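Work through the exercises below with the sequence and the model at hand. Each task is followed by a solution in steps.

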Amino acid sequence: NINSELEKLGFQNLGRSVRTNLAVLRQTNMPAVLVETGFINTDADNALLDSKAAATAKAIADGILNSFDEE
C-alpha cells in the first residue's frame, strides 16, 4: 500500500522484500517497515523527494492507514 501511494507521486516501485534481520526492525514488538524513497546518488530521486517532501510523508501515512483498513 505504501508503494502504491508513492507511485502516485512519481516514485518508482521496486517492489518489497521481507528482511527479518535488519537492525532497525528486528527488535520491534509491533508491525514495522523500512521505507526507502530513493537512492542518494540519483539526482532524479533526490529532486523528487526535495520537491515533494510533505506529499511523500502523506503518501507513506496514507499507505499505512490503507493497510489497517484492509484488516
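A residue is called buried under 20% relative accessible area, exposed over 50%, and partly exposed in between. The model is predicted, and every value below is computed from it.

**Exercise 1. Describe the fold in outline.**

Step 1. Count the secondary structure elements: the protein has three helices and zero strands. Step 2. Read them from the N terminus, which gives the order α-α-α. Step 3. Take the extent of the C-alpha trace, which spans about 35 × 30 × 20 Å along the principal axes. Step 4. Turn to the contacts between residues at least 6 apart in sequence: 62% of them join residues at least 24 apart.

**Exercise 2. Which residues lie closest to the centre of the largest pocket, and which helix gives the most to its lining?**

Step 1. Start with the volume of the largest pocket, about 1,400 Å³. Step 2. Its lining holds 35 residues, and those closest to the centre are Asn3, Arg16, Val33, Leu34 and Val35. Step 3. Look at the helices: α1 (2-7), α2 (43-51) and α3 (53-70) each supply at least two lining residues. Step 4. The helix that gives the most is α1, with four residues.

**Exercise 3. Is Leu6 buried or exposed? List its contacts beyond four places in sequence.**

Step 1. Locate Leu6 in helix α1. Step 2. Its relative accessible area is 4%, and therefore Leu6 is classed as buried, because the cut-off for that class is under 20%. Step 3. Leaving out residues up to four places away in sequence, Leu6 touches Phe11, Val35, Thr37, Thr56, Ala59 and Ile60. Step 4. For a distance across the chain, take Asn46, which is 40 residues away from Leu6 in sequence; the two C-alpha atoms are separated by 14 Å.

**Exercise 4. Classify Leu49 by accessibility and list its contacts beyond four places in sequence.**

Step 1. Leu49 belongs to helix α2. Step 2. Its relative accessible area is 30%, so Leu49 is partly exposed. Step 3. With residues up to four places away left out, Leu49 touches Phe11, Thr37 and Thr56. Step 4. Leu49 and Asn1 are 48 residues apart along the chain, and 19 Å separates their C-alpha atoms.

**Exercise 5. Where does Asn1 sit, and what does it touch?**

Step 1. Asn1 is found in the segment before α1. Step 2. With 34% relative accessibility, Asn1 counts as partly exposed. Step 3. Its contacts, again without residues up to four places away in sequence, are Gly63, Asn66, Ser67 and Glu70. Step 4. From Asn1 to Thr20, 19 residues along the chain, the C-alpha atoms are separated by 19 Å.

**Exercise 6. Place Lys52 in the chain, and give its accessibility class and its C-alpha separation from Gly10.**

Step 1. Lys52 is in the loop between α2 and α3. Step 2. A relative accessible area of 30% makes Lys52 partly exposed. Step 3. Gly10 is 42 residues from Lys52 along the chain, and their C-alpha atoms are separated by 9.7 Å.

Methods: Residues numbered from 1 in each chain as written. Predicted model: local features only at pLDDT ≥ 70, side-chain atom pairs only at ≥ 80, totals over all residues. Heavy atoms only, no water. Contact = heavy atoms within 4.5 Å. 1 Å grid on protein atoms, 1.4 Å probe; cavity = no way out; pocket = protein on both sides within 12 Å on 5 of 7 lines; lining within 4 Å. Points joined across faces, edges and corners; volume = space filled by probe spheres on them. Buried < 20%, exposed > 50% of the residue type's maximum accessible area, 1.4 Å probe, protein only.
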